[in-house]
Amino acid sequence: MTSRPDTEHGTATTAPIEVDKRPLRRHQFNRALIQLACILISLFMVVPIYLITISAFSTRQGLNEFPQPLWPKNFSTETMATFLNSTGILAATLNSLTVGIGTLVLASLVGAPAGYAIARFAFRGKDPYQLFLLFTRALPIVVLSIPLAQVFLATGLYDQPIGVILLHTALSLPTTILITSSVFLSVPIDAEEAARIFGCTPVGAFLRVVLPLALPGIAASAIFTFVTSWNEVLGATILTFSNRTLPAQVLSTLGDSPVAFRFAGGLAMIIPSIIFIAIMRKYLLNMWGTTIR
Amino acid sequence: MADITIQNLVKVYPGGNERANDDVSLHVADGEFMVLLGPSGCGKTTLLRQIAGLELPTSGAIAIGGRDVTYMPVHQRNLSMVFQSYAVFPHRRVRANIGFGLAMRGMSKAEIDKKVDWAAELLQLTPYLDRFPAQLSGGQRQRVAVARAIVVDADVLLMDEPLSNLDALLRLSFRAELKQIVNQIGMTTVYVTHDQSEALSLGDRVAVMKNGRITQLDNPLRVYSHPANTFVGGFIGSPPMNFVDGVVHDGQIDIGGGSFRAPEGAEDGRYTVGVRAEAITLGDPADPHTVPAKVLVVEPLGSATLLTATVGEHSIKVQVPADTQVAAGDQVKLSVPPSAVRLFDLDSGEARTP
């Protein structure tokens, strides 16, 4: 500082600063635009679900009206009831749940340790391994499913939920491994080392410290696995004949069904994934009043 | 509690060629507070992690309390440790964090509670026992980490830069507290730091490390006043030791631009001459043994004033009392007491004790 301001006791005596409020207004305008975009994107997701829902709860006659009302005017559970009571739907729902949960458990049991290995250890061939993981997704499901169907027919796994579980596990392993490896990467290695210093075996340290800290992330990957399995239709259709999962069942029967029935089927497909996500969602949020660390 | 013996320890990281630890031998006595000091990359943390078992040595041996632990699994070594990043468990309450080591040792609930309460009291954590670490400040989290380390009846306490994540003021107050606590429990302690003031204030002995080797091992005052080489003299002290090239002849050191008395018994020859800033005083201009200098910069530090002065072509730091009247551009006379002068080999930088 060569020149000092003309001040008394260090307090400036100049006129009040004129504040230019234009940048502030621009900032507020941008914020409003972002809000608007969020609302539009949400509507894009929610409106079809809403329309399907009110259609599924309308009477058959109500569905033929034009224009359609935007609220359930002709409320009726008749269509839904008919759909749920029709042949194979309940069994297919149970099959889908079995397959979804089975896939979730198997993919987590196989995928999480692999993710841990990628996160924690430097090993030969780590990069090719990660690339190779994605190969299962590079092949079309049809290409995978037809040889699999033959193998399953030979081994007696065909038309069994376990066969579909194996296929879905194979399909979801890449994402499970990559998601869990980034989750384990975010668990501080110091905490794991501290556990070992204070007397934990490597496995003990994993179970007592790493796993609890990684649980929210593992839950997130589990949601993803479940929803993927729930929605997968092609492989499930090829690998089953009578023990269909819900999407496979709906696909094979709805084509010949009346419109009301299709809406009921659509709603039945959506609801379990929404409920599952709602339940698992809390694991995504802070479990101990904080994110990790 | 136990002593630690390290013999000819060598560590080469996989994929690396350099020795992170190069033939390190060290004995830490039972109950001693040993500080490993050095710049980053000198191998001090590697050495600590090998004692802990978190890294395995390439060759050499480590024994704790006479028991070989060189390749023993971490959890069997009966250690405790404080980490730089605290490494408290975010998903456990403070009480469970402190009692973690005790629970792992299979202690009864009542006994754990008793010891946890004792440690919490000692570290002023009693009001926070039922909180999660995320609800604590950084300083409190580090207290939890220290409490967790001292409740267990471990052979050795290891500390890896435990104060470096705290802010300056907290670091200073916690340092004194830490020294008191460790003195009280009398545990054998190995403490890693790159902060020389921490090393000097805490250690019974300080091992100064450079390039994977221990370059000087001595008590703190000795390390400060009699550095084994120019590296130690330059690393320890704030400001670091002044080094100038000089020629000793007839009991006089000529540094070009002035000369002063050499320490007794110094042999004639060329040396690197080292003097601490606070050993130099502004002398009487009539004294023939003073060195003429020109003041370049005056930095008041509050407790003292730091001068940067030029003697011939050398730049020298001088620390004078805070009330000294001196301004930039002044011509002064520097008085260098012979007892404060250290001579180092011109090529190797090793101390040449007269």
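Chat about a two-chain helical model

Colleague: Starting with residues 165-185 of chain A, how much is helix, how much is strand, and how far apart are the end C-alpha atoms?
Modeller: That span is 100% helix and 0% strand, with 28 Å between its end C-alpha atoms. Helices (H or I, at least four residues) and strands (E, at least two) are DSSP runs, numbered from the N terminus. This is a predicted model, where local features need pLDDT of at least 70, side-chain atom pairs count only at pLDDT 80 or more, and totals for chains, interfaces and linings use all residues. Residues are numbered from 1 along each chain as its sequence is written, while chains are lettered from A and ligands numbered from 1 in the order in which they are written.

Colleague: Where does UniProt put the "transmembrane region" feature in chain A?
Modeller: The unreviewed UniProt entry places it at residues 32-57, 97-119, 131-153, 165-185, 205-227 and 259-279. Positions follow the numbering used here, feature names are shortened, and annotations may be inferred rather than shown by experiment.

Colleague: And what about residues 205-227 of chain A, helix or strand?
Modeller: Residues 205-227 are 100% helix and 0% strand, and their end C-alpha atoms are 31 Å apart.

Colleague: How many helices and strands in chain A?
Modeller: Chain A has 13 helices and 0 strands.

Colleague: What share of chain A is buried?
Modeller: Of its 293 residues, 31% are buried. Buried means that 20 or more other C-beta atoms lie within 10 Å of the residue's own, with C-beta atoms placed from the backbone.

Colleague: Changing topic: which domains does chain A have?
Modeller: Domain 1 (25-76) and domain 2 (86-284), with bounds from an automatic or database domain assignment. Their C-alpha centres lie 31 Å apart.

Colleague: How many residues of domain 1 of chain A are in contact with domain 2?
Modeller: There are 7 from domain 1, in contact with 7 of domain 2. Contact means C-beta atoms, placed from the backbone, within 7 Å. On the domain 1 side, H1(A) gives the most, with 5 residues.

Colleague: How many residues does each chain give to the contact between A and B?
Modeller: Chain A gives 19 residues and chain B gives 21. On the chain A side, helix H9 (189-197) and helix H10 (202-231) each give two or more, and H9(A) gives the most, with 6 residues.

Colleague: How does that side of chain A divide by class?
Modeller: It has 11 nonpolar, 4 polar and 4 charged residues. Ala, Val, Leu, Ile, Met, Phe, Trp, Tyr, Cys and Pro count as nonpolar, Asp, Glu, Lys and Arg as charged, and the others, Gly among them, as polar.

Notes
Contact = placed C-beta atoms within 7 Å. Buried ≥ 20, exposed ≤ 12 C-beta atoms within 10 Å, placed from the backbone.
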